[in-house]
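Hi,

Here is the structure I promised to pass on. Have a look at it first, and my notes follow below.

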Amino acid sequence: MTILYWFRRDRRLSDNPALCQAVAHAHDAGSTLLPVTAREPDQTTAWGFARLGAHRLAYEAQSLAGLQQALRRANSDLYQPDEPGMMGLVNLARANQATDVFCEALYAPEELAQVQALQASGIRVHAFEQSALLPASELPFEVQRTPTVFSEFRRQAEKAKAQPRTPLASPTTSAQGLPALPGSIVGASPYQNLAPLPEPDSRSALPYQTPHWHGDEACGQAHVQRYFASTLPGTYKATRNGLIGTDYSTKFSPWLATGAISAAQIWQALQQHEATYGGNDGTYWIWFELLWRDHFALMMRRYANALFHYQGLAKTLPEPLARRQHNRQGFERWCAGQTGQPFIDAGMRELAHTGYLSNRMRQNVASYLIHDLGGDWRAGAAWFEHCLIDFDVHSNQGNWAYIAGVGTDPRGGRRFNPDKQAHDYDRDARYRELWSAS
């Protein structure tokens with residue numbers, strides 16, 4: 001008998017509870033284990049551009065290639081069905097007489113539909129929650145009663161002393177190791193990295209094309225250790241709104257987005273750092289930001305498709321949004337970094353050239369599209385999905401809805417004054433000069 005392990009947004013061997021469960025099940029049943037990743041179908045957004053752009057494709061491929069190398073060192077491999085989408089996985093399972101698929105549990109609408117498609121074909125899906133900082137079992141409320149306002153969510157979670165789980169070792173470290181691959185595999189081939197790697201840009205705040213910043217688990221774990229062995233965590237709160245360089249923020253987000261590292265592993269490293277250097281506002285703020293990530297995921301789990309609708313979570317649309325039609329020409333100028341607003345255009349050029357953008361600039365460019373250009377916030381969210389190497393569906397939709405005034409912000413939409421923001425965060429114009437031309 002063959003069991004499939006389907007890697008989703010958990011591209012790591014360490015601290016992977018779902019993989020550990022699959023390995024244990026295979027050993028107990030005397031089964032072989034076939035690690036797989038689904039082949040992404042080519043998709044075009046409602047706004048007329050490809051869903052995945054060059055940087056996103058390259059980083060996704062980089063993370064999968066690293067996972068494959070780790071599996072090969074463990075005498076296994078990573079396979080990809082010949083057909084795209086869920087039918088590829090269904091047909092692969094049938095061709096190899098596999099009735100069980102183990103995987104990570106994801107609760108965004110598209111990800112839920114993928115599991116439902118497998119189940120509808122008669123496949124038993126064993127899905128395990130493992131992406132959150134705080135497991136649902138630690139929360140002092142039911143998921144469907146998660147407070148909508150982040151500050152209340154944080155207050156209740158901290159009051160209950162909710163704790164992350166203890167990270168697990170890789171199953172490759174056990175005496176049994178990974179179960180053998182099937183003797184013959186029908187309908188799939190070993191994963192191949194066919195995505196071209198864009199040329200690195202020396203201005204990038206996250207140069208994923210260079211060795212230290214590759215998207216695989218080994219580089220992610222090394223970065224976590226390197227970061228927490230430094231004094232940077234203690235200054236994180238003070239520097240997190242920076243715009244230039246690799247050190248102003250943790251830069252964990254790309255590896256978290258693909259699952260090359262887990263939130264629980266970051267928490268464990270943070271605890272070790274505080275034991276050595278002591279804790280302060282800076283180290284607390286790393287916990288704070290990981291909680292934000294959890295909250296956005298829980299909001300999508302609670303409200304599902306609502307966060308993909310123009311009205312979002314709002315009972316009534318804010319007045320500016322209610323009277324508006326999407327400014328397509330303005331949106332196209334925004335994507336190209338040609339709005340005429342130097343601070344905004346600098347951010348959009350950085351995004352296009354590197355696949356990355358600081359949190360401060362993400363808020364600024366989102367606000368400008370929505371509140372100054374009159375663009376549909378969902379178009380902006382789709383463009384970020386196209387570009388960002390650290391794209392996370394929960395945080396992306398949640399943040400865009402938040403800025404538009406149809407998300408979880410109790411104060412309504414957030415308009416950022418780009419001139420004031422430039423004065424506050426780029427007073428010497430270094431950032432605008434850095435990205436003044438392509």
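**The second largest pocket**

The second largest pocket holds about 1,400 Å³ of space. Before going further: this is a predicted model, where local features need pLDDT of at least 70, side-chain atom pairs count only at pLDDT 80 or more, and totals for chains, interfaces and linings use all residues. Residues are numbered from 1 along each chain as its sequence is written, and side-chain values use heavy atoms, with hydrogens and water left out.

A pocket here is an open set of points on a 1 Å grid over the protein atoms alone, where a 1.4 Å probe fits and protein lies on both sides within 12 Å along at least five of seven lines; lining residues have an atom within 4 Å of a point. The volume is the space filled by probe spheres set on the points, with grid points joined across faces, edges and corners.

There are 48 lining residues, and the closest to the pocket centre are Glu289, Trp292, Phe296, Asn359 and Asn399. Which helix gives the most to the lining? Helix 10 does, with 8 residues. At least two residues each come from helix 5 (150-159), helix 8, helix 10 (281-303), helix 14 (359-372) and helix 16 (393-404). (Helices are DSSP runs of H or I with at least four residues, strands are E runs of at least two, and both are numbered from the N terminus.) By class, the lining has 24 nonpolar, 12 polar and 12 charged residues; Ala, Val, Leu, Ile, Met, Phe, Trp, Tyr, Cys and Pro count as nonpolar, Asp, Glu, Lys and Arg as charged, and the others, Gly among them, as polar.

Helix 2 (residues 54-73) has 20 residues and should span 28 Å at 1.5 Å a residue, which agrees with the 29 Å between its end C-alpha atoms. (The expected span is 1.5 Å times one less than the number of residues.) Of its 20 residues, 15 are buried, so helix 2 is largely enclosed by the rest of the structure. Buried means under 20% relative accessible area, exposed over 50%, and partly exposed in between, with a 1.4 Å probe and protein chains only. Just after helix 2, asparagine 75 has a positive phi of about 65°.

Threonine 258 sits in helix 8 (residues 253-258) and is buried, at a relative accessible area of 0%. Setting aside neighbours within four places in sequence, its contacts (heavy atoms within 4.5 Å) include Tyr59, Glu60 and Ser63, along with Arg8 and Gly215.

**Loops**

Glycine 245 is in the loop between helix 7 (236-239) and helix 8, partly exposed at 27%. Beyond four places in sequence, it is in contact with Ala205 and Lys251.

Lysine 161, in the loop between helix 5 and strand 6 (188-190), is not a glycine, yet has a positive phi of about 55°. Is lysine 161 buried or exposed? It counts as exposed, at 62% relative accessibility.

**Cysteines**

How many disulfides turn up in the whole structure? The search finds 0, a disulfide being a pair of cysteine sulfur atoms within 2.5 Å. For cysteine 20, the nearest cysteine sulfur is that of cysteine 103, 15 Å away. Cysteine 335 has its closest cysteine sulfur in cysteine 387, at 7.3 Å, too far for a bond. Cysteine 20 is partly exposed at 22%, while cysteine 335 counts as buried at 10%.

Cheers
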